[in-house]
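Thanks for coming. Please have a look at the sequence and the model before I start.

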Amino acid sequence: MSPFMPFNGRSLNDMGVFLRDQGDFDNAIRHFRISEREIRVNLGEEHVNYGITLSNLGAALMNKEENAEALKYLNRYEELQKKTLGLRHPLYLNTINNLGALYLNCLLYTSDAADDLL
């Protein structure tokens, strides 16, 4: 592994955040997917940057209202946090809150999406 590879995954994630903030969700998702793969391969699935990328990817998918796919990544992030941080950690509790908001959003605005999630 190149000593620069971990930075590449993080840089791709940072670019994805920038693109998402600009409203370019398709390119943001592309960057997050590449970042997820780079970090998983080079640093492992328990690395903090891996979890951050999962969360960002889920958020970008939510922005595109691809809620069922977003849920897959957010659930992976929740499982990672539960394992590494524990059930009472504030970041874990924040993630549970965000997952609840995703379910509520689906139930309130799109019955089809809610059916896919439930």
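I will go through some of the salt bridges here.

First, the ground rules. This is a predicted model, in which local features need pLDDT of at least 70 and side-chain atom pairs count only at pLDDT 80 or more, while totals for chains, interfaces and linings use all residues. Residues are numbered from 1 along each chain as its sequence is written, and side-chain values use heavy atoms, with hydrogens and water left out.

How many salt bridges does a search of the whole structure find? There are 10, a salt bridge being a side-chain nitrogen of Lys or Arg within 4 Å of a carboxyl oxygen of Asp or Glu.

One of them pairs Asp26 with Lys64, with the closest N and O atoms 2.4 Å apart. Asp26 sits in helix α2 (residues 25-42) and Lys64 in the loop between α3 (48-63) and α4 (67-84), so this bridge ties together parts 38 residues apart in sequence. Helices here are DSSP runs of H or I, at least four residues, numbered from the N terminus.

Glu46 and Lys83 form another, at 2.5 Å between the closest N and O atoms. Glu46 is in the loop between α2 and α3 and Lys83 is in helix α4, so the parts tied together are 37 residues apart in sequence. Lys83 counts as exposed because its relative accessibility is 61%, whereas Glu46, at 48%, is partly exposed. Exposed means over 50% relative accessible area, buried under 20%, and partly exposed in between, with a 1.4 Å probe and protein chains only.

Last, Glu79 bridges to Lys82, the closest N and O atoms being 3.3 Å apart. Both lie in helix α4, three residues apart, about one turn of the helix.

Technical notes
Helices (H or I, at least four residues) and strands (E, at least two) are DSSP runs, numbered from the N terminus.
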